[in-house]
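Dear colleague,

Please find the structure below, handed over for your study. I would ask you to keep it open while reading the notes that come after it.

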Amino acid sequence: MCTSIAMKTSDFYFGRTMDLDREFHTSVVITPRNYPIAFRRSSVLRRHNAMIGMASIADNYPLYAEAANEKGLCMAALNFPDSADYSPTEDPRKANVSPFELIHWILGQCDSVEEARRLLGTTHLIRIPFSDEFPLTPLHWHIADRESSVTLENTENGLRLYNNSAGVLTNNPAFHFQLTNLCQYMNLSSGYPKNCFSDLEGVAPFGQGLGSFGLPGDYSPSSRFVKAAWLLLNSICPGSDPGSLAQLFHILDSVSIIRGSVLSQNDACDTTTYACGINATRGIYYYRTYTNNQLTAVDLRHENLDAQILRIFPLVVSQQVSWAN
């Protein structure tokens with residue numbers, strides 16, 4: 001589960017929901033330019049773009065779920081079960097990178113989606129887990145900047161990069177199906193509907209919102225893709241940061257999972273454990289958790305970006321209330 005969106009107003013925003021049936025010990029983590037990033041089969045990046053995102057820390061290594069770098073390039077990893085496939089062997093002609101390293105590999109070296117395209121052309125994803133405690137997860141990735149959005153999938157057919165004109169990613173089925181599936185919803189409209197049924201007397205709209213009748217409301221990946229894409233592509237909001245941020249989280253709310261509404265095969269509750277929105281233009285990471293729906297913000301540019309150690313911000317998970325009296 002999970003949904004990511006890329007949204008442009010006066011600034012560029014990137015957001016996602018994290019939908020899980022368990023809790024991970026995550027924090028907002030800033031990786032500064034001079035923190036050495038080691039790779040299992042490639043050389044160490046000793047200086048790179050600074051980045052901010054949500055990560056679990058293992059052996060002092062930030063395992064990012066999503067992040068943005070100081071140049072405004074964003075990347076999120078989303079679950080892709082039964083479809084993701086990684087090579088068991090190295091490719092001597094390319095840089096061999098494990099999926100858990102990919103966000104560091106791309107955001108550390110690339111300033112734009114176009115640069116990411118070129119780097120991915122010389123990258124080979126190899127099946128190396130981080131550890132026994134952190135085995136490989138089947139993933140695909142949403143990569144976006146202010147100008148464009150792409151989806152990266154590595155299946156048994158190899159690595160594919162798709163233009164993501166919808167600006168949305170969810171989970172299975174594969175991305176090409178998700179785009180094709182949008183064709184079934186071409187009749188949806190944000191406007192007041194016209195009677196295309198017949199000239200039968202009395203056939204008229206009986207309330208607002210009937211133009212979007214048929215918009216999916218369930219939590220399946222394909223339905224969340226359609227709903228998030230339709231809302232994003234019909235979005236109207238002020239260009240200001242507060243207005244854009246509010247709109248971004250409203251769209252994420254529409255696909256967020258309420259505890260108890262989705263059960264996994266072992267009867268655990270899938271839940272939107274957190275939702276984040278990144279103002280990638282300004283380098284500000286906003287988030288809220290399932291148990292605290294007040295926004296918390298971390299500003300990348302308030303830190304020493306030439307430092308050599310990680311900056312870690314534990315999550316604020318208890319409900320925060322702004323009292324009016």
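The notes below describe what was found in this structure.

The model is predicted: local features need pLDDT of at least 70 and side-chain atom pairs count only at pLDDT 80 or more, while totals for chains, interfaces and linings use all residues. Residues are numbered from 1 along each chain as its sequence is written, and side-chain values use heavy atoms, with hydrogens and water left out.

The open sheet

Helices (H or I, at least four residues) and strands (E, at least two) are DSSP runs, numbered from the N terminus. Two strands are said to pair if DSSP finds at least two bridges between them. Six strands make up an open sheet in the order S12-S1-S2-S13-S14-S15, with antiparallel pairing. Its edge strands, each pairing on one side only, are S12 and S15 (292–299).

Within this sheet, strand S2 (residues 12–20) and S13 are joined in the antiparallel sense by eight bridges. Arg16 has Cys276 in S13 as its bridge partner.

Two helices lie across strands of the sheet. For these, contact means heavy atoms within 4.5 Å; axes are lines fitted to C-alpha atoms, for helices over the stretch in contact, and angles run from 0 to 180 degrees between N-to-C directions. Helix H4 (residues 221–233) lies across S1 (3–8), S2 and S12, and runs at about 15° to S1. Helix H5 lies across S1, S2, S13, S14 (284–289) and S15, running at about 30° to S2.

The hairpin

Strands S10 (residues 149–155) and S11 (residues 158–163) run antiparallel and are joined by six bridges. Together S10 and S11 form a hairpin, with two residues between them. Thr151 stands opposite Tyr162 in S11.

Thr155 also belongs to S10. Is Thr155 buried or exposed? Buried means under 20% relative accessible area, exposed over 50%, and partly exposed in between (1.4 Å probe, protein chains only). Thr155 counts as buried, because its relative accessibility is 18%. Leaving aside residues up to four places away in sequence, Thr155 touches Phe80, Ser83 and Asp85.

Backbone features in the loops

The peptide bond from Asn172 to Pro173 is cis, with omega near -5°. Pro173 lies in the loop between strand S12 (168–169) and helix H3 (175–181).

Two aspartates deserve a note. Asp59 is not a glycine, yet has a positive phi of about 55°. The loop that holds Asp59 is between strand S4 (51–58) and strand S5 (61–69). Asp59 is exposed, with a relative accessible area of 75%. Asp267, also not a glycine, has a positive phi of about 65°. Asp267 is found in the loop between helix H5 (241–253) and strand S13 (271–279), and is exposed at a relative accessible area of 59%.

The cysteines

How many disulfides does the structure hold? A disulfide is a pair of cysteine sulfur atoms within 2.5 Å, and the structure holds zero. Cys276, the bridge partner of Arg16, is in no disulfide, and the nearest cysteine sulfur, that of Cys74, is 9.3 Å away. Cys276 counts as buried, at 0% relative accessibility.
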